[in-house]
Amino acid sequence: MTRDRVVIRSVVVVVAAMLVATLIVTAVANAQDGAAPPRRQDPTMIPRSAASRAALDAKAATPDALKDLRVRYGAWEQGDLDTPLRAAEAAVWAWRWDEPALADPSVPAVLRARALVQQGAWDRAIAALVDDASPRATALKGIALAGAGKLAESRAALEPLMAEPMPAVVRTQGQRELVLAKAEALEAWSMTGRVAPQLYEAVIEALGAARALDRTDWEAMLLEARILAARHNRADAWKALADALAQHPRLAEAWRMRGELSAGALEQADALAIAEGIDAFSPACAAAALLRARTALMQDDADGAEPMLRQVLATAPTQPDALAYLAAMHAVRFRPEAMEQALADADRAAPGSPHAPLEVGRMLSRRRQYEDAAVLLRRAWDRAPEWSEPPMELGLMDMQSGEDARALEALRAAVERDPFNVGATLSLRLLEDMAPWPVREGRHFTLRSQPGIDDAMADGMLAQLDAMHEEVCARLGHAPSRRTRIELMPDHEWFGVRLTGLPAIHTIAACTGPVIAMEVPREGSRKKHLGLFDWLDVVRHEYVHTVTLSQTRNRIPHWMTEAIAVDLQHKRRDYKECQMLAAALEGGTLFDFDSILLAFVRPVKPTDRAQAYAQGHWWVEFIREAWGDEALRRMLALYAEGATESQALAQVLDVSKEQFLERFTPWARTQVKAWGLAPEPPPDALLGKDRVEPVSDKELDLLLRSHPEHPDLLELAVRRRTERGEGDAPEVIELLERLCRARPVDPFPHRKLAEVALLSGRDAEAVPHLERLDAVTDRENSYAIELSRIARAAGDGARAGNHIERAVRINPFDPSLRELAAATQIEAGNLAAARVHVVALGILEPDREQHKRRLVRLDELIAKAP
């Protein structure tokens with residue numbers, strides 16, 4: 001082991017030498033944290049295509065022909081809508097159902113029927129088309145019959161159309177109409193029976209031919225997007241929708257679909273911006289209302305969804321999405337009787353339709369009400385046995401609940417019915433790839449990971465997880481009734497597929513109740529990995545969700561489950577969060593119990609969601625300090641029984657919501673003062689609010705004599721002296737120590753004191769500052785490495801081992817760090833822990849024979865140990 005120790009010691013020297021640079025880099029990064037994030041691209045900004053601009057600029061067209069073109073390409077002015085046909089065409093695509101022209105018999109039946117289909121007025125749509133046998137009319141009849149739940153009749157009505165040979169090329173208007181009709185009917189056809197896979201390919205190819213014939217054919221583009229979105233091919237659907245909207249920017253359906261794709265990718269702000277964009281050309285439009293309602297429901301915001309749904313149903317009482325979302329709204333509110341009544345209302349409008357039970361089952365699955373969700377998803381599948389969507393949703397739900405065998409069965413059924421369904425195909429591939437993954441079993445967890453390099457991390461996880469379980473469950477007074485499964489995903493894309501069926505998701509770990517999925521902490525391209533993090537603290541956060549959801553039967557308020565999870569993490573509140581809370585308190589923008597929920601689901605400002613997490617945590621700290629841990633446990637027990645938030649506050653804390661906030665505010669002011677973020681007098685009073693010229697050194701010295709513990713004056717003095725190269729002067733060290741006491745949450749003096757101490761060889765003096773810096777990060781391991789080095793040099797093997805294990809958790813795939821960890825644990829006499837790292841080294845560097853020799857030697861030592 002002598003040569004190995006020399007190597008390891010050289011690594012220690014390098015790490016120590018790099019720490020000062022790391023501290024400086026971290027300081028710069030922290031200084032940049034407050035900068036505004038890069039502005040996101042406006043999701044409603046899609047420039048008009050050159051081809052449609054050229055069509056609108058046609059010089060030879062007559063005035064009437066120009067009006068037709070402006071209507072055709074969504075560029076109309078009110079004066080252009082001077083005939084029933086033009087007014088009806090504009091209204092249909094903008095979803096303006098109150099347009100009188102839509103009831104004018106001179107308007108083609110297909111146009112009138114399309115508006116009725118949008119409203120769910122199935123019988124009226126079918127009646128309007130009774131004398132029209134054109135391909136487009138046939139497609140709409142089949143869609144209306146399927147929407148009404150008459151799946152067998154829909155199949156029969158569509159059979160002649162779908163039996164028509166697909167044109168090899170599209171050169172005539174008749175060929176185009178046939179292609180568009182078959183494309184439009186495809187979803188109803190797939191709902192009512194098995195579809196040959198080659199039909200999907202033929203339809204997409206034919207739509208491409210139609211687009212090649214006319215580069216402005218937005219109907220072909222819109223239909224292509226419908227087909228792709230129904231197959232959960234988000235990326236291609238998104239592009240096809242952009243193509244359609246570049247020709248016709250007033251397509252309400254296309255905008256709604258883009259908004260739903262945004263909401264499905266957790267881009268709620270984009271979805272709501274799109275709804276506002278629809279309002280701009282079609283005020284009070286049902287497409288915007290339905291988009292807002294769906295976005296709200298996906299964020300468990302039933303109160304935000306309800307007015308939108310009532311608006312739609314007041315105009316179109318049988319609109320299928322509105323009826324389904326209304327039932328889902330009751331599901332989100334845990335009102336099963338109201339949910340069943342709403343489902344019955346949907347059934348009266350469309351007896352036998354799978355649509356409403358599918359939507360509500362999907363929503364219940366998101367709410368982790370897996371048993372109830374399964375009932376409704378099975379009902380939808382029973383009603384449409386050949387449709388791929390119900391078994392796909394069942395499969396995804398079973399994946400979340402840890403029922404992999406059932407998930408495999410359902411997903412195979414979905415892919416068998418529709419091999420082009422991206423969500424089902426990716427999820428099935430993931431499950432089949434995961435099937436041979438080994439299962440590691442601990443006392444309270446099972447762990448699955450991909451064989452190979454990820455074993456370097458997985459092999460050492462279970463003991464730490466079981467210890468974490470004991471700590472979390474002791475604090476909460478509850479343990480789940482079954483083992484929790486941890487699934488370690490090899491990269492970010494597969495993590496996204498594991499959670500949603502699609503690769504795009506913006507987090508590193510998530511809890512679905514009995515299953516916690518997490519990607520590995522690894523550096524690399526952002527598409528593959530989201531960087532380093534302390535995996536145990538991340539799992540701790542998610543496991544708190546598992547426990548509190550089990551403890552409350554999934555009825556805990558959103559803010560509280562997040563707050564308790566943050567509270568039980570080892571990472572402490574950082575300076576940025578302290579500043580945010582202090583500013584909210586000072587500015588009167590702290591949330592109340594209603595607005596904190598909206599901040600999670602409908603944030604107005606970019607900081608709202610972060611403040612909701614931090615303020616909820618603050619509330620939990622206040623409850624614990626004022627009423628004790630037992631009060632929190634009693635509140636959780638009441639939520640499990642169905643108590644409301646007001647009832648839990650009254651019964652356990654003996655306060656109303658308003659009284660809670662009245663008692664919280666003065667406590668919070670005391671906290672902010674202790675953080676050093678409410679100094680007296682305020683800096684503006686000392687330095688002058690509108691002062692332009694800098695404070696002179698003499699004036700600053702006088703102010704410090706009068707206010708020796710004022711954090712802003714201390715910081716100004718330190719920064720000024722540091723800029724002059726006097727950072728290690730004794731008087732500056734004394735100022736930094738005073739600043740640490742005056743504003744303990746500020747990392748700046750801790751970084752400077754740690755830097756000075758390390759460069760001066762006074763390691764012991766750096767320890768408290770390094771510990772403070774380490775406590776407020778879960779992505780940077782240099783502090784833990786340095787703390788381990790100092791403890792090891794001092795002969796404190798236990799502390800050295802604890803710190804190095806923390807460093808390894810943040811970057812478990814770094815061989816040099818594993819070398820260091822093995823040596824540290826051997827010196828500490830912790831041979832079992834050292835063995836974990838040597839095994840990991842054999843996985844990370846399989847070609848190095850010395851790792852095998854080390855492992856043999858370690859096993860010999862372990863066998864001889866008393």
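Tutor: Let's start with a term: buried means under 20% relative accessible area, exposed means over 50%, and partly exposed is in between (1.4 Å probe, protein chains only). A word on the source: this is a predicted model, where local features need pLDDT of at least 70, side-chain atom pairs count only at pLDDT 80 or more, and totals for chains, interfaces and linings use all residues. Residues are numbered from 1 along each chain as its sequence is written, and side-chain values use heavy atoms, with hydrogens and water left out.

Student: OK, how many of the 13 residues of helix 39 are buried?

Tutor: First, what counts as a helix: helices (H or I, at least four residues) and strands (E, at least two) are DSSP runs, numbered from the N terminus. Helix 39 is mostly covered, with 12 of its 13 residues buried. Among them are P747, F748, H750, R751, K752 and E755.

Student: What span should helix 39 have at 1.5 Å a residue?

Tutor: The expected span is 1.5 Å times one less than the number of residues. For helix 39 (residues 747-759) that gives 18 Å, and its end C-alpha atoms are 18 Å apart, which agrees.

Student: And what sits at the start of helix 39?

Tutor: Here you need the polar contact: a pair of N or O atoms within 3.5 Å, where within protein one must be able to donate a hydrogen and the other to accept it, and residues adjacent in sequence count only if both atoms are side-chain atoms. A side-chain oxygen of D746 reaches to within 2.9 Å of the backbone nitrogen of F748. Just after helix 39, G761 takes a positive phi of about 75°.

Student: Which residue caps the N-terminal end of helix 30?

Tutor: D592 does, with a side-chain oxygen 3.0 Å from the backbone nitrogen of D594. Within helix 30 (residues 593-601), F593, I596, A599, F600 and V601 are buried. Contact means heavy atoms within 4.5 Å, and those buried residues pack against helix 28 (558-568), helix 31 (608-627), helix 33 (645-653) and helix 34 (657-675).

Student: How do I read a pair of packed helices?

Tutor: Two packed helices are described by the angle between their axes and the distance between the axes. Axes are lines fitted to C-alpha atoms, for helices over the stretch in contact, and angles run from 0 to 180 degrees between N-to-C directions. The axes of helix 27 (residues 535-552) and helix 32 (residues 629-640) come within 7 Å and cross at roughly 55°.

Student: Why are helix 27 and helix 32 called oblique?

Tutor: Angles under 35 degrees count as roughly parallel, over 145 as roughly antiparallel, 65 to 115 as roughly perpendicular and the rest as oblique. The roughly 55° crossing therefore makes helix 27 and helix 32 oblique to each other. T548, Q551 and T552 in helix 27 meet L636, Y639 and A640 in helix 32.

Student: Now the backbone. Where is W95 found?

Tutor: W95 is in the loop between helix 4 (84-94) and helix 5 (109-119). Its phi is near 55°, a positive value in a residue other than glycine. At 8% relative accessibility, W95 counts as buried. R368, in the loop between helix 19 (355-366) and helix 20 (370-383), has a positive phi near 65°, and at 27% relative accessibility R368 counts as partly exposed.

Student: Which peptide bond is cis?

Tutor: The one from E680 to P681, with omega near -10°. P681 is in the loop between helix 34 and helix 35 (683-687).
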